[in-house]
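Trainee: I have a new model to read, and I would like to go through it by asking questions. Can we start with the picture?

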Amino acid sequence: MSNHLANQSSPYLLQHASNPVDWYPWGEEAFEKARKEDKPVFLSIGYSTCHWCHVMARESFESEETARILNRYFVSVKVDREERPDIDSVYMSVCQALSGNGGWPMSIFMTAGQKPFFAGTYFPPVSRHGMTGFRELLLAIAEKWENDRGRLLQAAESIVAQISAGQNNRKEFQHTGETGERIDESLPERAVEIFSGSFDARYGGFGQAPKFPVPHNLLFLMLYAYLREEDAKELKGNELFGQVQVTLERMRRGGIFDQIGYGFSRYSTDRFYLVPHFEKMLYDNALLIMAYAVAYRLSKEAAFRQTAEETAAYILREMTGEKGEFYSAQDADSDGEEGKFYVWSVKEVCEVLGKERGRQLCEYFNITEKGNFEGKNIPNLLSGNEISDQFEEERKLLYYHRELRTRPHLDDKILTAWNALMICAMCFLYRVTGKRDYLSAAERAERFLAGQLMEGNLLYVGCREGVRFGKGFLDEYAYTAAAYLSLYDATADQGYLNRAQALCKEAEIQFADEKGGYFLYGKRNGELIMRPKETYDGALPSGNAVMAYVLVRLSQLGKSEDIAADELAAEKQLAFLSAEAASYPAGHSMFLIALLYDRYPPQRITVVLDGKDSVQQIMAQMPLYASVTVLERESAEYPLLHGSTTYYVCKGHTCLPPTNRLPCHMRPEQ
């Protein structure tokens with residue numbers, strides 16, 4: 001049998017298409033049925049590689065008994081949070097307000113008018129360990145709906161009123177137009193104090209278990225350290241940069257990094273970065289490529305470059321489609337067991353490699369008879385063995401052997417925002433390594449987005465098997481504009497800069513709030529019970545923070561006729577986010593990066609080509625922290641010096657004399 005999900009494109013919804021639960025996708029058909037049959041709505045939100053979503057599906061949604069209860073008393077709606085971040089955002093705020101926590105699977109009970117009255121996350125099928133059983137909960141809510149509905153409806157109205165009031169009472173204001181008037185320049189320093197106070201000096205990272213990579217935090221800390229150390233001439237003794245180095249090294253050594261097939265898992269369940277939550281997300285790996293690339297550029301530690309390139313190799317090998325598009329995620333589970341695909345025994349390793357070499361590799365990767373994960377082993381280098389390629393051939397043999405196992409599910413939908421983030425990562429890696437393959441990967445992905453997920457300046461959320469879905473939200477526009485800026489930084493192609501500018505203008509039309517900031521969904525999206533405006537960074541930087549970064553960079557790179565408007569827009573967004581970040585600046589790292597770019601403008605380098613040097617050759621020499629313009633021919637303002645390629649360099653309010661050789665202190669960071 002199948003339910004109403006059978007014709008959906010989302011891998012997550014399709015996973016539930018044969019459930020005995022009569023699922024509906026989000027839409028008027030489901031809510032009209034609830035109104036007509038006078039039933040409450042059960043909303044379940046998750047995503048295709050979510051381990052606990054799988055568990056609840058096996059225990060409850062595949063159960064005939066549970067399905068009978070749901071089908072009799074409720075109208076059940078399934079939502080893929082990655083396709084509908086607007087729905088996820090609205091009801092996540094409800095879940096957190098009602099239960100004190102959030103996560104997936106998210107379970108919401110609400111009226112046909114989409115007003116929630118009860119919320120939670122995972123529920124076991126029957127009550128255990130102090131947790132209410134799902135079937136028991138369903139029957140209790142059904143009884144309340146029948147006999148005490150007034151109280152539920154009153155609760156729904158109260159919840160919506162409280163959440164809406166919370167949004168309306170945010171510290172928002174109108175910017176007066178005076179540059180910097182309401183921008184709090186102490187926020188970066190305060191954030192650094194918070195991070196340093198929570199640094200785990202023994203095992204790396206910030207805070208206790210579980211430990212999420214949150215690479216944008218690391219990027220902020222590195223930028224802060226760089227700017228405070230006179231252009232990173234001497235970062236080795238910098239305490240803050242040292243904290244980032246320790247964290248990046250521990251993650252690379254831990255089980256959170258797939259030592260056999262490369263790529264990072266979503267987070268570490270322990271303090272040591274040993275046992276991961278095994279799902280691999282495109283966005284984590286994109287951000288981590290950037291973090292390791294920047295760390296390498298600043299430190300010259302070969303292991304950081306190696307890690308960035310190994311992670312990119314994983315993406316290009318396993319997460320990239322035929323047209324250059326990037327897939328979304330790989331599951332944690334295979335054969336119904338979390339991590340089964342990734343773990344090893346000493347016996348299996350020796351069977352593949354032979355006893356002697358197998359034992360040596362086991363010693364290198366801490367693979368023991370006892371095991372470190374449910375009797376098996378997650379390969380790792382946490383004992384301190386050197387990060388090297390001394391077992392490269394053996395690693396490849398284990399990788400090919402592992403491919404014979406049941407592979408984890410691949411979520412092969414193409415998400416615009418996440419693809420844009422990987423475009424940024426490939427551009428970063430190209431600029432650090434000079435390897436053309438990375439830029440080619442970024443350009444292929446951009447062509448896919450432009451051809452499949454854009455109509456002029458209008459964006460879509462994503463596509464799967466050639467079918468696109470969802471009119472774009474703020475994140476699609478902010479992240480794609482950032483991708484075009486990254487392509488410009490890598491190529492100096494003015495067309496990319498123009499595309500970033502056009503997407504920002506479209507975002508202004510669709511999402512801007514005259515009180516400051518941008519709403520998550522805009523004029524082309526359907527309306528929900530409230531209109532969220534996300535500013536806090538989670539696993540991904542917020543769309544508002546990325547918009548701040550894009551606006552600042554456009555004000556520094558844009559055409560002269562646009563600069564005044566870009567500067568005003570950037571200052572207004574920075575002022576808005578200053579108020580949002582005031583209570584906990586460490587939760588707003590992407591905004592703080594934008595603020596540092598604004599307060600410490602990168603050196604401006606104008607290069608005039610003599611016809612012999614190529615743009616590619618020139619861009620490979622450029623520092624990461626710079627605003628570069630390349631002119632194909634000389635002009636009255638920028639003439640050639642001695643008939644050769646000429647560099648005009650300005651930093652702060654000081655411009656250096658033109659030169660035929662980029663000054664040493666302006667070259668890529670040492």
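This is a predicted model: local features need pLDDT of at least 70, side-chain atom pairs count only at pLDDT 80 or more; totals for chains, interfaces and linings use all residues.

Trainee: In the open sheet of 4 strands, what is the strand order?
Mentor: Strands of a sheet pair through backbone hydrogen bonds, either parallel or antiparallel. Here the pairing is mixed. The edge strands, each pairing on one side only, are β18 (626–631) and β20 (654–655). The order is β18-β17-β19-β20.

Trainee: Which residue of β19 is the bridge partner of I605?
Mentor: Look at strand β17, residues 603–608, and strand β19, residues 646–651. They pair in the antiparallel sense over 5 bridges. In β19, the partner of I605 is V649.

Trainee: Helix α20 packs on this sheet, so what angle does its direction make with that of β18?
Mentor: Helix α20 covers residues 543–557. It touches β17 and β18. Its direction and that of β18 make an angle of about 45 degrees.

Trainee: Which strands stand at the edges of the open sheet of 3 strands?
Mentor: The order there is β8-β9-β12, and the pairing is antiparallel. An edge strand has a single partner, so one side of it is left without a neighbour in the sheet. The edge strands are β8 (280–281) and β12 (410–411).

Trainee: Which residue in β9 does K280 stand opposite?
Mentor: β8 pairs with strand β9, residues 329–330. The two run in the antiparallel sense, over 2 bridges. Opposite K280 stands Q330.

Trainee: How many residues of helix α22 are buried?
Mentor: Helix α22 spans residues 589–599. Among its buried residues are M590, F591, L592 and Y597.

Trainee: Is S9 buried or exposed?
Mentor: S9 lies in the segment before α1 (11–15). Leaving aside neighbours within four places in sequence, S9 is in contact with L14, E83, R464 and F469. Its relative accessible area is 18%. The cut-off is under 20%, so S9 is buried.

Trainee: How many salt bridges does the count come to?
Mentor: Side chains of opposite charge can pair when their charged atoms come close. One such network links D80, E82, D411 and K413. The salt bridge count comes to 42.

Trainee: How many residues apart in sequence are the parts that E310 and R252 tie together?
Mentor: Their side chains meet in a salt bridge at 3.2 Å, N to O. Both residues are buried. E310 lies in helix α12 (residues 302–318) and R252 in helix α10 (residues 239–253), so the pair ties together parts whose separation is 58 residues.

Trainee: In the salt bridge of E309 and R305, which residue counts as partly exposed?
Mentor: The two side chains meet at 2.9 Å, N to O. They are 4 residues apart in helix α12, about one helical turn. E309 has 15% relative accessibility and counts as buried. At 22%, the partly exposed residue is R305.

Trainee: How far apart are the closest N and O atoms of R407 and E403?
Mentor: R407 is partly exposed at 35% relative accessibility. E403 is partly exposed at 28%. The two form a salt bridge, and their closest N and O atoms are apart by 2.5 Å.

Notes: Residues are numbered from 1 along each chain as its sequence is written. Side-chain values use heavy atoms; hydrogens and water are left out. Two strands pair if DSSP finds at least two bridges between them. Contact means heavy atoms within 4.5 Å. Axes are lines fitted to C-alpha atoms, for helices over the stretch in contact, and angles run from 0 to 180 degrees between N-to-C directions. Buried means under 20% relative accessible area, exposed over 50%, partly exposed in between (1.4 Å probe, protein chains only). A salt bridge is a side-chain nitrogen of Lys or Arg within 4 Å of a carboxyl oxygen of Asp or Glu.
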